[in-house]
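This briefing is intended for a reader who is meeting the structure for the first time.

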Amino acid sequence: MSPQLLISMDSWLELGNLVNGAFAPLTGFMTAAEYASVMADMHLPGGQPWTIPITLDVPEAQLTQIRSATQVDLCYEDCGIVGRLQVADVYQTAGEPDLKKAFGTVDRAHPGVAREAARSAWRVGGPVTLLQPVPLPYGRHHYAPFQTRAIIAERGWRKITGIQT
């Protein structure tokens, strides 16, 4: 039986984005090598630009259990198992030095810094599978990348602008 890891809604949303291609070329939560590469020069090991780590934290109390597993069941509150991760590695982040590299500040007033600082420094990386779709906050206006590309082609648009908030 695989160990279970309770994940946040943010992690479930990231899991969904990893599977639907929004975070391509990533196919799972970042491994130690991917994380180190992004922290060193804002690129994935293959050379693709990437500025923000996509990682899954592990509470210290579960480190031994997760380290010895080949697969982890990802659970969210009362929803049961929402996904699975094939464990590639478990690693520790550097805390404030990494916050400074990723966000340009260590000021806890920055929402990204506050979120990351509240997480465990331990991470698990590896490919993922989504078992339950994420309840989407934008309903009919939420599209996977392949759906967005189809809409753009169907409408004949040659120029588009994307905004991330």
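The chain exposes about 9,800 Å², of which carbon and sulfur atoms supply 55%. These values come from a predicted model. Of the 165 residues in the chain, 38% count as buried.

**Charges**
- The side chains of the chain include 13 positive and 15 negative ones.
- The centres of these two sets lie 10 Å apart.

**Fold**
- The chain contains 6 helices and 7 strands.
- Their order along the sequence is β-α-β-α-β-α-β-β-β-α-α-β-α.
- Where residues at least 6 apart in sequence are in contact within the chain, 66% of those contacts join residues at least 24 apart.

**Dimensions**
- The C-alpha trace of the chain spans about 55 × 40 × 30 Å along its principal axes.

**Serine 11**
- Serine 11 belongs to helix H1, which covers residues 9-20.
- Because its relative accessible area is 2%, and a residue under 20% is classed as buried, serine 11 is buried.
- Apart from its neighbours within four places in sequence, serine 11 is in contact with Phe29 and Leu56.

Definitions and conventions: Residues numbered from 1 in each chain as written. Predicted model: local features only at pLDDT ≥ 70, side-chain atom pairs only at ≥ 80, totals over all residues. Heavy atoms only, no water. Helix = DSSP H or I, 4+ residues; strand = E, 2+ residues; numbered from the N terminus. Buried < 20%, exposed > 50% of the residue type's maximum accessible area, 1.4 Å probe, protein only. Contact = heavy atoms within 4.5 Å. Areas by Shrake-Rupley, 256 points an atom, 1.4 Å probe, with all protein chains shown as cover. Lys, Arg positive; Asp, Glu negative; His and termini not counted. Charge placed at Lys NZ, Arg CZ, Asp CG, Glu CD.
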